[in-house]
Amino acid sequence: MSALPPPTLPATPLVSADTALLREVAELVVTALNLEVAAADIAPDAPLYGDGLGLDSIDILEVSLSVSKQYGLQLRADHEDNAQIFSSLRSLSDHIAAQRTK
């Protein structure tokens, strides 16, 4: 008998954001950046950078500060997973759900 390979861990966080948190984070992004788009119009899986919502690094910094204040977690500029964390509204919300202290 051959041994089965060990199971691999999922790349996504074990805690997922619910719909209410997704809406709340979308509102936070719109408010923090004074966007002229309705929070409900931000697609959860669309990219935040570039072609999606069109955010740049300064926008992401502003969102990071707002997230830190609202949810009590620190998002550091040198965090190795920032590209994944800020890849979409859903990934940011999932990260908040997993790490929040408030």
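**View 1. Helices α2 and α3 at the second largest pocket.** In this predicted model, α2 (57-71) and α3 (82-85) each contribute at least two residues to the lining of the second largest pocket. The largest share of that lining comes from α2, which supplies 6 residues. The volume of the second largest pocket is about 230 Å³. It is lined by 14 residues, of which L61, S64, L75, R76 and A77 are the closest to its centre. Sorted by class, the lining of the second largest pocket consists of 8 nonpolar, 5 polar and 1 charged residues.

**View 2. N82 in helix α3.** N82 belongs to helix α3. Its relative accessible area is 16%, under the 20% limit, so N82 counts as buried. A polar atom of the N82 side chain lies 2.8 Å from the backbone oxygen of R76. When residues up to four places away in sequence are not counted, N82 touches R76 and A77.

**View 3. The largest nonpolar core.** This core has 24 residues, and V25, V63, V67, Y71, F86, L92 and I96 have the most contacts inside it. At least two residues come from each of α1 (19-33), α2 and α4 (89-99). Helix α1 gives the most to this core, with 8 residues.

**View 4. Surroundings of Y71.** Y71 is one of the residues with the most contacts inside the largest nonpolar core. With neighbours within four places in sequence set aside, Y71 is in contact with L21, E24, V25, L28, I96, R100, T101 and K102. Among them, V25 and I96 are also listed with the most contacts inside the largest nonpolar core.

Notes: Residues numbered from 1 in each chain as written. Predicted model: local features only at pLDDT ≥ 70, side-chain atom pairs only at ≥ 80, totals over all residues. Heavy atoms only, no water. 1 Å grid on protein atoms, 1.4 Å probe; cavity = no way out; pocket = protein on both sides within 12 Å on 5 of 7 lines; lining within 4 Å. Points joined across faces, edges and corners; volume = space filled by probe spheres on them. Helix = DSSP H or I, 4+ residues; strand = E, 2+ residues; numbered from the N terminus. Nonpolar A, V, L, I, M, F, W, Y, C, P; charged D, E, K, R; others polar. Core = buried A, V, L, I, M, F, W, Y, C linked by side-chain atoms within 4.5 Å. Buried < 20%, exposed > 50% of the residue type's maximum accessible area, 1.4 Å probe, protein only. Contact = heavy atoms within 4.5 Å. Polar contact = N/O pair within 3.5 Å; in protein donor to acceptor, adjacent residues only side chain to side chain.
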